[in-house]
Amino acid sequence: TCLAAARQAVLARAGWDVGAQGLIGAPRIAVIAGDEAHVTVHGALRLLGLGDACVVKVKTDGQGRVLSDALRDALRNAAGAPAIVCAQAGNVNTGSFDPLGEITRLAGAHGNAWVHVDGAFGLWAGASARFRHLLDGVSGADSWATDAHKWLNVPYDSGLAFVRDTAAHRAAMARTAAYLQRSSSERDNYEWTPEFSRRARGFTVYAALRSLGRAGLAALVERCCDHARLFAERLSAAPRVSVVNEVVLNQVLVRFERPGSSVEEADAWTREVISRVQRDGTCWLSGTVWRGRALMRISVCNWGDGSQAERDDDIAEHGPGPMQPVHDRLADLENCKCGETVAHPRHAWSPSGHRIATLEALRWECQMWFTSLVFEHDDDLDPRPGRCLRRRGRRLLRGHAAGAALRARHRH
Ligand SMILES: Cc1ncc(COP(=O)(O)O)c(C=O)c1O
């Protein structure tokens, strides 16, 4: 949506109505994007008829941030042509932010450039006074895209588009038909999105924002970033484990090596650690390749605070019934033998919100288990989940029982 509005606006300024005339014969648009732009940006450009050949890739630094000098050169080469600059707030691997102030300043000097910011998860840094500085300059951009299904934890495909130029936005999307009832006072949503018929995606986004409030949203973002830092601190303190990115937000890239291993062996070992963690099922951490090296990619965006209070409240409110999957899971951990991988149902929760909350909280707890797991087996980093998971499981189970007993006493 944002890039369609961008195409509409820069071509209109060049005297071309893309809605009416299409792209054949249109002035050529230069799309300038960092070489770390997310693959979906390229997908969107293809859908808009701006194929890969339109894209000028600009060099980025070691964290994936666009280099200002390279951008300046690209804009100079595009002088006179309509241009769309695709910036990024939150690199999918490192979490890094492009220098948005510098980008909007340079693009402003071009004359006909639109700056779009892909802030799929990074835009949410703006909710926190501690992380807002990462977005310095973002207000100078023409459009922002972000996802509510990442940090807000609402269902998939809750994408949000923000476009400064409402006329360009509407011109890029609006169409009507005689049979449609148009509102004289309200905004007709089909005029602002690519879909004509769509479900009420906004409902869960609104509900999540209302229930969190400003302070709740800031706390969620900050908690996730703090947890990411904790991951980074603890993992990098373990022998032969390194965190290779600057942890500026909620992303952590981790490399695992064995003594004397070559680059290829370390790649293979890192993949092996990832696959063991995934097989274990305690939490799901993905792999990636960054600057040619295989890495574990930790992305923390869970809304649960994982506190004992959260779990106790759940038991107090619902009794042990809804907690059953959790108890089953803990029993699983209790019974597992040293060196055994625990198989458990990650998606065993019922549709009731509270049960999800409890299990999500448990999953966070599980993520922390992984960290202690690395500590406990730092001799050869052979993650044997059974041993430490069992101990933690017992402790958690005791916590649940104590909480429930306490609440029961209060009730009587
Ligand atoms: C920076 C960035 N842009 C775009 C996307 C794509 O988001 P979606 O899958 O919601 O389209 C992601 C997803 O991880 C992302 O991290």
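Biologist: Which residues does leucine 152 touch, not counting residues up to four places away in sequence?

Modeller: This is a predicted model, in which local features need pLDDT of at least 70 and side-chain atom pairs count only at pLDDT 80 or more, while totals for chains, interfaces and linings use all residues. Residues are numbered from 1 along each chain as its sequence is written, and side-chain values use heavy atoms, with hydrogens and water left out. Contact means heavy atoms within 4.5 Å. With residues up to four places away in sequence not counted, leucine 152 touches Trp124, Val205, Ala208, Leu209, Leu212 and Leu217.

Biologist: Is leucine 152 buried or exposed?

Modeller: Leucine 152 sits in the loop between β5 and β6. Strands are DSSP runs of E, at least two residues, and helices are runs of H or I, at least four residues, both numbered from the N terminus. The cut-offs are under 20% relative accessible area for buried, over 50% for exposed and in between for partly exposed, with a 1.4 Å probe and protein chains only. At a relative accessible area of 5%, leucine 152 is therefore buried.

Biologist: How many Å separate leucine 152 and tryptophan 303 in space, C-alpha to C-alpha?

Modeller: In sequence, leucine 152 and tryptophan 303 are 151 residues apart. In space, C-alpha to C-alpha, the value for leucine 152 and tryptophan 303 is 7.1 Å.

Biologist: What is the phi of asparagine 153?

Modeller: Asparagine 153 is in the loop between β5 (143-147) and β6 (159-163). Its relative accessibility is 29%, so asparagine 153 counts as partly exposed. Most residues other than glycine have a negative phi. Asparagine 153 is not a glycine, yet its phi is positive, near 60°.

Biologist: What is the phi of aspartate 157?

Modeller: Aspartate 157 also has its place in the loop between β5 and β6. At 37% relative accessibility, aspartate 157 counts as partly exposed. Aspartate 157 is not a glycine, but its phi is positive, about 70°.

Biologist: Which side chain makes a polar contact with the side chain of asparagine 93?

Modeller: Asparagine 93 is in the loop between β3 (83-88) and α5 (100-108), and its relative accessible area of 8% makes it buried. A polar contact is a pair of N or O atoms within 3.5 Å; within protein, one must be able to donate a hydrogen and the other to accept it, and residues adjacent in sequence count only if both atoms are side-chain atoms. Beyond four places in sequence, asparagine 93 touches Glu36, Asn245, Gln251, Leu253, Thr288, Val289, Trp290 and Arg297. The side-chain polar contact, at 2.8 Å, is with threonine 288.

Biologist: Which residue's backbone oxygen lies 2.9 Å from a polar atom of the side chain of threonine 193?

Modeller: Threonine 193 is in the loop between α6 (166-173) and α7 (201-237). Its relative accessibility is 12%, so threonine 193 counts as buried. Not counting residues up to four places away in sequence, Met173, Arg175 and Arg198 touch threonine 193. The backbone oxygen at 2.9 Å belongs to glutamate 195.

Biologist: Is α4 roughly parallel or roughly perpendicular to α5?

Modeller: The axes are lines fitted to C-alpha atoms, for helices over the stretch in contact, with angles from 0 to 180 degrees between N-to-C directions. The axes of α4 (residues 68-77) and α5 come within 10 Å and cross at roughly 20°. Angles under 35 degrees count as roughly parallel, over 145 as roughly antiparallel, 65 to 115 as roughly perpendicular and the rest as oblique. So α4 and α5 are roughly parallel.

Biologist: How do the residues of the contact of α4 with α5 divide?

Modeller: From α4 come Ser68, Leu71, Arg72 and Leu75; from α5 come Glu102, Ile103, Arg105, Leu106 and Ala107. Ala, Val, Leu, Ile, Met, Phe, Trp, Tyr, Cys and Pro count as nonpolar, Asp, Glu, Lys and Arg as charged, and the others, Gly among them, as polar. The residues divide into five nonpolar, one polar and three charged.

Biologist: At what angle do helix α1 and α6 pack?

Modeller: Ala4, Ala5, Gln8 and Ala9 of α1 meet Ala168, His169, Ala171, Ala172 and Met173 of α6. The residues of this contact divide into seven nonpolar, two polar and no charged. The axes of α1 (residues 2-13) and α6 are 8 Å apart, and the angle is about 105°.
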